[in-house]
Structures are given as structure tokens and as C-alpha cells.
Amino acid sequence: MNKQATKLGLGTFIGMTMALCATVRSIPSVAATGWSQITYMIFAVLFFALPVALISGELGTMLQADGGPQLWVKTALGEKWGFVTAWLLWVQMFPGMVMVASTIGPLWGNTFGNVSLGNNHWFILANILGFYWLITVLNLRFDMAKVGGNVGVWLGVYIPIVTMLVMGIAALIKEGIDPASYLGTFSVSKLIPNLGNLQTLQYFAAISFIYTGIEMSSVFIPRLNNAKKTYTRGIFVALIGLILMNILNGILVANAVPNGQIQLSNITQPILLWCQILGWPTIIANIFSFMVVIGVLIQLSAWVTGPSKTMTQVARDGQLPASFGYHKVNKYGVSRNVVLTQSICISLFALLYGVMKNVNNVFLTLTNATTVIYALVYVLIAIALIKLRQTQPDLERPYRLGKTGNAVAYVVAYALIFGIIVIIAATFLASNLLQSIFVIAITLILFIIPLIIDRNKNKEWMIQVQADLQSTNNF
């Protein structure tokens, strides 16, 4: 194939970058903040998404071997912290996949016109456990990577976003702004989060979480025409597009839902309200729900095996005990032991829906736990950028922050660390004591485990791994 033919233009790169972060799951959390969502979103971009993308651009082009964040941190801070990074990127799935799968219950309820059942915490728990284990078994027995492809993104993201925009705009034109909704009438003061009322602060982490994964945009840099200019321009335009997409949908949903009645894990709630406002048949909501649930299931399937491959590689590098069996894979390249471990842990997190009746509180707790764990990875990436500027200043950087010197790189890195501190502080400030204790405890436990494993690492692990791989044909 002609190498030039594989080059990506600015427009294509913008679309691919937006696809990394496009989601409808977070729209209810955005809507719940009313007009202040605009301020939250701008802060999340300036002090979170943009710094992550720019830092990843430099590190990703400087260190182009497989590994991504794990490789960047390992090169800068050593093997131990590279392992910690890989571990955190894996374990953030535990609360994260429960959060994603929690939308399945409400979606099924709306598909069959039984909204109250869909919001029952026991029904949500049953759906999470049932469908996640079904997907796990299918991924172990079949090559599910070939099933679905981009279908999940279309059903779970693109079509729902367009549907919501069309219906929301039509309802706004017909009814105007509802003063009794989360949005309410506009005033400049409503753009500023009220620190005296911590209610909206609890959604800050969820809004920031929208942009996690944007670091993957750096993998496209080698394929860009005039990479340095195209990447920076593309990132800015893509982020502006994501801001507009999320804020527009957030405002439309906030205008539809009566104050105090939002259902964070039920993306179909505004569809039903718009059907009532517009006089359209509610079968639209049924079809919408079924379409999104299929999209979510396909996306969940991709996530079952994706992060597990990193743990398999870590195990083959001798950084995990051979007795774990994480280095062994089946004929589809999937480690049964890794996948079963994560499925058991995800099931344990899902039990929160059994012990906590308030579905919104469970959703926020899981979102906050996922965000805090993921934020630790971003802190390590920022530190890696600073460290590599000091220890390897002459290493070739195809995409470099600042033409000369380290000032730009340091400003970007410290902006990210500052943003993460603010997001985490706001999260704990707005959470109740039980939520805060849970998030802190689970973050500490999951952070300490890899440090303990690394401290007890010995050469026998690698010897046993190599022996197993030679004798078992990886089956």
C-alpha cells in the first residue's frame, strides 16, 4: 500500500479523536448541573483533557513501541511505576464497567415500557451480573473481537446523540425554557458553581471522566500530514466539538427533566419526556432504548478483553507471580485467568446495587472511584513528562511541547496535576461520608496491591513463565 495513502487529514483526525470520547452515558450527569455545566466543562477541558492530549502527543511520538502510558511511565520512572500504571489502567475497569453496565437495566425497562422496573436496584444488579458474565463466557469461547466492529459505536453513541439533539431542539422550540427544570431561566450567576451548595460539585468527576481515553489520540500522530501543526489544531477543534456536543445535549436534557427527578443511569428518561412534549409515540423511546442497550453490550464485549492484554504482557515480563496464570492465553489470545479475575471483581463492585437502594448514589460512587483511579495514571504521566525532560533532554521528540526549553511542557504538566487535585477535592467535598470512605478505601487498596507485588517480585516468576510458555503452547 502506498504510504501516502494512509496519511490522515485534519478532518479525519478530528473525527477519530472525538470518537474516542463521544458518549451518551454522561449526559444526565452533565445535565444535572444546570447552567454551571458550561463552567465545569471548560475547566475539565483546560485543566484535564487538553493537557492529557498534549502530553500524550509528546510521549507517544517519542516512545512509539507498544505499551502506551505503561511504557511512558516505565521509561521515565522505572519498571515498578510502569507496572503500577498498567495495573491501575486494568483495575479502573472494576468500578468503571459496573457504571457502564448499570445503564442496561433502565434501558431494558424502557425497551419494554416498564420504567419503574428498569430503575429497581435489584433489577439493575441482575442485569449487570447476568449480561457481564454472558459476555465474559462468549469472549472466552469465541473471537468476539470480530463481532460488532463499529456497530456498537453507531448504536450506542452516534445515532442516540443525533436523536437526542433533534428531539431536544424540537421540544425547546415548542415549549421554550422550563423554569421548573434543572436548567431554569438563565442568569450569569448560574454559570458559576455555588460552593455554598455542594449539590452540583458531586457531578464534577463525571463531567471530567467524559474525556478519559483522549490520550489514545497520540497513536494517530505518525499518520498525520504535518503532524505537529495538525495534531495541535486537531486536538483543539475536537475538544471544542466535544464541548459543544456535550453542553448542547446537556442543556437540552436539563431543560426536559423536572428539578430533583433526574435518573443518572437512565439515558432514555429525556426521550420519554420529549415524546410527551412533542406528542410523538413512545415507541421511539422503546426503539431508542433497545438500540442503545445493544450498542452498550457490544462495547462491553470489547472492553472485556482489551485491558486484559496489558496484564498478560506484564505477566510475561515476569512482574506477576506465574501461579496467577495471567501469562497463559487461549487460541484467541485471551487470558482466561485475567478475564475471570476481572469479572469476579466487577461482580463484587456490582453488589453495591444490592446494598444501596439509591441508584443515583451508586452510579456517582462508581463514577468517582473510576475517575480517582484513572486520575492517578494521569498524574504519573505528567510526572513522566517532567522527568524525561530532565533525564533525556536530547531524545528525539517528533511532537514537542514548546520549540525550545521546558517551560511549556512544565506548565502543561502542572496544569494537569492542578486540575486533577481540584477535581478530586471537589469530588470528596460533595460526597457523603460513606461515599468518600468507599472511594478512598478502594483507591488505596488497588494502588497498594501492585506495590506489594513488586516488592515481593523474584526471578522465579520469569523462569516459570518462560517454562510454561514453552511447554503449553499458550493454551
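One cavity of 30 Å³ or more is present in the structure, which is a predicted model. The largest cavity has a volume of about 90 Å³, and 13 residues line it, of which Val24, Arg25, Thr103, Val292 and Val296 are the closest to its centre. Two elements, α10 (151–175) and α14 (283–305), each give two or more residues to this lining, and the largest share, three residues, is supplied by α14. Divided by class, the lining of the largest cavity consists of seven nonpolar, five polar and one charged residues.

Four salt bridges are found in a search of the whole structure. In one of them, arginine 389 pairs with glutamate 58, with the closest N and O atoms 2.8 Å apart; because arginine 389 belongs to helix α18 (residues 359–391) and glutamate 58 to helix α3 (residues 37–62), the pair ties together parts that are 331 residues apart in sequence. With buried defined as under 20% relative accessible area, arginine 389 counts as buried at 2% relative accessibility, and glutamate 58 likewise counts as buried, at 0%.

Glutamate 58 also forms a salt bridge with arginine 397, for which the closest N and O atoms are 3.1 Å apart. This pair, too, links distant parts of the chain, since arginine 397 lies in the loop between α18 and α19 (407–430) and glutamate 58 in helix α3, at a separation of 339 residues. Arginine 397 and glutamate 58 are both buried.

A further salt bridge joins lysine 457 to aspartate 454, the closest N and O atoms being 3.7 Å apart. Lysine 457 is partly exposed, with a relative accessible area of 29%, whereas aspartate 454, at 14% relative accessibility, counts as buried. Through shared partners, salt bridges join Glu58, Arg389 and Arg397 into one network.

How values were computed: Residues numbered from 1 in each chain as written. Predicted model: local features only at pLDDT ≥ 70, side-chain atom pairs only at ≥ 80, totals over all residues. Heavy atoms only, no water. 1 Å grid on protein atoms, 1.4 Å probe; cavity = no way out; pocket = protein on both sides within 12 Å on 5 of 7 lines; lining within 4 Å. Points joined across faces, edges and corners; volume = space filled by probe spheres on them. Helix = DSSP H or I, 4+ residues; strand = E, 2+ residues; numbered from the N terminus. Nonpolar A, V, L, I, M, F, W, Y, C, P; charged D, E, K, R; others polar. Salt bridge = Lys/Arg side-chain N within 4 Å of Asp/Glu carboxyl O. Buried < 20%, exposed > 50% of the residue type's maximum accessible area, 1.4 Å probe, protein only.
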